[in-house]
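Please look through the two-chain model shown below.

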Amino acid sequence: MQPTLQLTRSYLLRSVELRVSASEDEADVEKVLAGEVSAFESIVRRWQGPLVNLAYRFCRDRSRAEEMAQDAFLRAYRGLGQWRKDAAFSTWLFAVATNLYRSQLRRIPAQTISIEDVARVQVSSPADGCLAEVDRDHAVRKAVLTLPAKYREAVILFYFHDMDIAAAARSLALPEGTVKARLSRGREMLRQKLQRQFRMSRWREA
Amino acid sequence: MEYLDRVLTAEEEIVPSAGFAQAVMDSVRRETSRPIPFPWKRALPGLLLVVLVLVALVFVPAPINSSGKTELPTMQLAAMLTALLETIRRFHVNWLLGSVLLAWACVNLSARLASLRR
């Protein structure tokens, strides 16, 4: 019960933040388009955290995440005039970034460890043969990267947007139904893989 | 909430390094100081049209000949092509065009090699 409450609270806080920043974003974009390049810095400072974190979820490499986020900001700067204001600036920015991250990772895939390697870590861990909870959670997050691209992207975006399918669909520029189907399939694949490797029986909790 | 949901929602947040925003702004400023490349793709149809109009203006003979009869369009075109070929031969335009193309190919190749090395 507690995690759901926490999630709702963080979702509400985030939506309030987004509404406040929306007007600031619009004002800054107007300034940049009028030739005031320095106004873009406010946009960068406001969105650097989310964009770097999104990139990190795609590649699990801190320095590469920063490089990817930098490229995303540059691409956003170049295409600032294409933001049509029918959606929030953040929605447009996430879509630009997601598109770039996907294509960059298609060219140079993220360095992943296979599920089998994750299991090997488990075998080599001490005492009772089980990974410590933190290590196990970390391994689960890394295992997301072993999914096929289309499922992986849906899973990453869904959790990045606090389990909001509509937001994930907007970032991926896909219909909600498609994202829902990919997410369901991706989660099932992940569950099966991990269950097989960790021999965990307690995947579901009330 | 499922175990997977709980783990993937409670994701560790990373903080961008201190110089990240500055690095982005540096690349943005580099971008703005770089001259805007000429939009050849967009301009090419217009340029071709201008060249054609100019050629037509220079070489197309008057539609009515000396005897007062209107010439057939195919004859006009043949005359136009003949005149164009004659001009090319007289002013060695073929050599000029060849050398311009060669120079362009050299510049393009060097630029590509340089960008690959970078």
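Chain B has five helices and zero strands, where helices (H or I, at least four residues) and strands (E, at least two) are DSSP runs, numbered from the N terminus. From the N terminus on, its elements therefore read α-α-α-α-α. Of the 118 residues in chain B, 5% are buried; a residue is buried if 20 or more other C-beta atoms lie within 10 Å of its own, exposed if 12 or fewer, and partly exposed in between, with C-beta atoms placed from the backbone.

This is a predicted model, in which local features need pLDDT of at least 70 and side-chain atom pairs count only at pLDDT 80 or more, while totals for chains, interfaces and linings use all residues. Residues are numbered from 1 along each chain as its sequence is written, and chains are lettered from A and ligands numbered from 1 in the order in which they are written. The model scores ipTM 0.73 and pTM 0.64.

The pLDDT, the predictor's confidence in each residue from 0 to 100, averages 80 in chain B, with 79% of the residues at 70 or above. Within chain B, confidence is lowest in helix H4 (residues 73-91), at a mean of 78, and highest in helix H2 (residues 20-33), at 91. Chain A averages a pLDDT of 81, and 75% of its residues score at least 70. In chain A, the lowest confidence falls in helix H5 (residues 115-124), at a mean of 51, and the highest in helix H3 (residues 62-78), at 94. Two stretches of chain A have a pLDDT below 50: residues 1-5, with three contacts in the model beyond near neighbours in sequence, and residues 121-127, with six such contacts. Two residues are in contact if their C-beta atoms, placed from the backbone, lie within 7 Å.

Chain A has nine helices and zero strands, and 34% of its 206 residues count as buried. Of the contacts in chain A with a separation of 6 or more, 61% join residues 24 or more positions apart.

What do the two chains bring to their contact? Chain B gives 25 residues and chain A gives 31 residues. On the side of chain B that touches chain A, helix H1 (3-9) and H2 of chain B each supply at least two residues. H2(B) gives the most to that side, with 10 residues. The residues of this side of chain B divide into 14 nonpolar, four polar and seven charged; here Ala, Val, Leu, Ile, Met, Phe, Trp, Tyr, Cys and Pro count as nonpolar, Asp, Glu, Lys and Arg as charged, and the others, Gly among them, as polar.

Ser27(B) lies in helix H2 of chain B. Ser27(B) is partly exposed because 14 other C-beta atoms lie within 10 Å. Not counting residues up to four places away in sequence, Ser27(B) touches Gln70(A) and Leu74(A).

Gln70(A) is one of the buried residues of H3(A), which also include Glu66(A), Ala72(A), Phe73(A) and Tyr77(A). The buried residues of H3(A) are covered by elements including H2 and helix H4 (89-107) of chain A, together with H2 of chain B. At 1.5 Å a residue, the 17 residues of H3(A) should span 24 Å, and the end C-alpha atoms are 25 Å apart, which agrees; the expected span is 1.5 Å times one less than the number of residues.

Ala72(A) also belongs to the largest nonpolar core, which has 56 residues. Such a core is a set of buried Ala, Val, Leu, Ile, Met, Phe, Trp, Tyr and Cys residues joined through C-beta atoms within 7 Å. The members that touch the most others are Leu51(A), Ala55(A), Ala72(A), Ala97(A), Ala154(A) and Val155(A). Helix H2 (residues 39-59) of chain A provides the largest share of this core, 11 residues. The core lies between domain 1 (1-111) and domain 2 (113-206) of chain A because both give residues to it; the domain bounds come from an automatic or database domain assignment. Leaving aside neighbours within four places in sequence, Ala72(A) is in contact with Leu51(A), Val96(A), Ala97(A) and Leu100(A).

Ser42(A) is also in helix H2 of chain A, and it counts as partly exposed because it has 17 C-beta neighbours inside 10 Å. Helix H8 (residues 165-172) of chain A is mostly covered, with six of its eight residues buried.
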